[in-house]
There are 2 protein chains.
Amino acid sequence: MLETRSRILNAAEGLFADRGFSATSVRMITSRAKVNLAAMHYHFGSKDQLIQELFALRLSPLNRQRLALLDRCQAGGGAGEPSLEQILEAFIRPPVQLIRDPERGGMRFMRLLSRAFNSPDGAIREMIYGQFAEVIERFSGALGPRLPHLSREEAFWRFHFMVGAMSHTLHVIADWKNLENLFTDVPEPSQVDEVVDRLVSFLAAGFRTPIPSKEN
Amino acid sequence: MLETRSRILNAAEGLFADRGFSATSVRMITSRAKVNLAAMHYHFGSKDQLIQELFALRLSPLNRQRLALLDRCQAGGGAGEPSLEQILEAFIRPPVQLIRDPERGGMRFMRLLSRAFNSPDGAIREMIYGQFAEVIERFSGALGPRLPHLSREEAFWRFHFMVGAMSHTLHVIADWKNLENLFTDVPEPSQVDEVVDRLVSFLAAGFRTPIPSKEN
DNA sequence: CCTCAAGTGAAACAGTCGTTTTAAACGTAC
DNA sequence: GTACGTTTAAAACGACTGTTTCACTTGAGG
């Protein structure tokens, strides 16, 4: 069939998200895709190249959207730089929207992405970071003028605090089902977009707070 | 030799931290430990039980220390509850100290822990969360009275923002070498304890900020 | 009708996986 | 000295790994 490629990609995305890369065999993928074992090597060459293609396909629209949002709010207001909240939102809203859009991978791809971020395989991590390099550069450049009270070191760490809070939050949203199995007292899945606002105001307050005194 | 068990545990910790669970074979472990293949099954029964034992050994001292710190600052000041900063510090300082103490696993175990947190294997994740259940309960109970301005939902999310920022920060510290390979402009590894202060004040400011308005 | 490339089906490749089994060697304690 | 818990050595188990090979079917262009 003509759709063999996309059926392999689809099955692979689901299995990688559920079981990880090294625990997912080529045979699992091709059998879930109802496709011959050889078809995978015919279309993608190897398991590794299949993984690469999968991420390139999903990640570049996400980061293009982030950069477009940043462009718009930087050019938008006319005079003056964008506010701290506007920058944070341009960073955080696109992945949250992606989570709700099954066409772009939805929760499944987000679980996969958070797996790839912590992958033991250095090659995978390098590829992932490569896909994010431009976004990191642009956003830390945009954040700088909004944080004149911070040293370079302090800004570096707070940027990582933000990345951590965001990626863990995305993981929680995308893995809600598993969370309910593990904890009691989990609130109803609230409107996902609200979480963006919550996260933005939490982080903005953190970024704005003065540097802690060293006498401790 | 009498130390066969600990040599296996030591080799396993290193390999699991570097390559992940499913990509590390029993043969790799026993050959790095310079120990016979059968010795691993003799002492631990199976690969899975070896993993379980490894985490129980490392994780319970960490969480006992957290709870002890919380106890002390709750009973300490006499009148009045502990401050938000004191609670956060009781949560964050123990794992940062662990990172600097090779006897307790140091950076190696921290990399392993952050791998286990995102493991595809449901059994591993369940065990990890089980080890943290009491800590989570105690700390969210202690944080509650310090956050009277927050709804239950808002407190839930901010708690996760904190967990995410902390765990990603620990990962960055423990994986510094890899970070230097991937990014430019990484600051010198500053005094690790300073990071605790930075993180505590960042998070305290986030926790204290009022709930964002919905009109957006 | 013939041809040629794209794609499929099924089998086989050489390894590695976790685990078990057998045998023989240890040091230590009763 | 002999029993016991520990450790080594070496081989084998069946199952599974990523990848390759090759005969086969299919459909479109000349």
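In this predicted model, a phosphate oxygen of DNA strand C sits 3.1 Å from an N or O atom in the side chain of B:Ser25. An N or O atom in the side chain of B:His41 is 3.2 Å from a phosphate oxygen of DNA strand C. B:Arg27 reaches a base instead. A polar atom of the B:Arg27 side chain lies 2.6 Å from a base nitrogen of DNA strand C.

DNA strand C is surrounded by 18 residues. The closest are A:Thr4, A:Tyr42, B:Val26, B:Arg27 and B:Lys47.

Which helices each supply at least two residues of the surface near DNA strand C? They are helix H3 (37-44) of chain A, together with helix H2 (26-32) and helix H3 (37-44) of chain B. The largest share, four residues, comes from H3(A).

Stay with H3 of chain B. At its start, a side-chain oxygen of B:Asn36 reaches to within 2.8 Å of the backbone nitrogen of B:Ala38. After the helix comes B:Gly45, with a positive phi near 85°. Between these ends, B:Ala39, B:Met40 and B:Phe44 are buried in H3(B). They lie on the same side of H3(B), because they cover an arc of only 105° around the axis. What covers the buried residues of H3(B)? The cover includes helix H1 (4-19), H2 and helix H4 (47-76) of chain B.

H1 of chain B comes next. How does its length compare with what its residues should span? At 1.5 Å a residue, the 16 residues of H1(B) should span 22 Å. The end C-alpha atoms are 22 Å apart, so the two values agree. Just after H1(B), B:Gly20 takes a positive phi of about 85°.

Further along chain B is B:Ser151. Its place is in the loop between helix H7 (122-143) and helix H8 (152-174). Is B:Ser151 buried or partly exposed? B:Ser151 has a relative accessible area of 33%, so it counts as partly exposed. A polar atom of its side chain lies 3.2 Å from the backbone nitrogen of B:Glu154. B:Phe117 is 34 residues away along the chain, and its C-alpha atom is separated from that of B:Ser151 by 27 Å.

Turn to chain A. It has ten helices and zero strands. From the N terminus on, its elements run α-α-α-α-α-α-α-α-α-α. The C-alpha trace of chain A spans about 60 × 40 × 35 Å along its principal axes. Of its 216 residues, 50% count as buried. Contacts with a separation of 6 or more also tell part of the story. In chain A, 72% of these join residues 24 or more positions apart.

A:Arg93 has a relative accessible area of 16%, under the 20% cut-off, so it is buried. Which residues does A:Arg93 touch, not counting those up to four places away in sequence? They are A:Asp193, A:Val196 and A:Asp197. With A:Asp197 there is a polar contact between side chains, at 3.5 Å. A:Arg146 lies 53 residues from A:Arg93 along the chain, and their C-alpha atoms are separated by 19 Å.

Notes
Residues numbered from 1 in each chain as written. Chains lettered and ligands numbered in written order. Predicted model: local features only at pLDDT ≥ 70, side-chain atom pairs only at ≥ 80, totals over all residues. Heavy atoms only, no water. Near = heavy atom within 4 Å. Polar contact = N/O pair within 3.5 Å; in protein donor to acceptor, adjacent residues only side chain to side chain. Buried < 20%, exposed > 50% of the residue type's maximum accessible area, 1.4 Å probe, protein only. Contact = heavy atoms within 4.5 Å. Arc of directions from axis to C-beta. Expected span 1.5 Å × (residues − 1).
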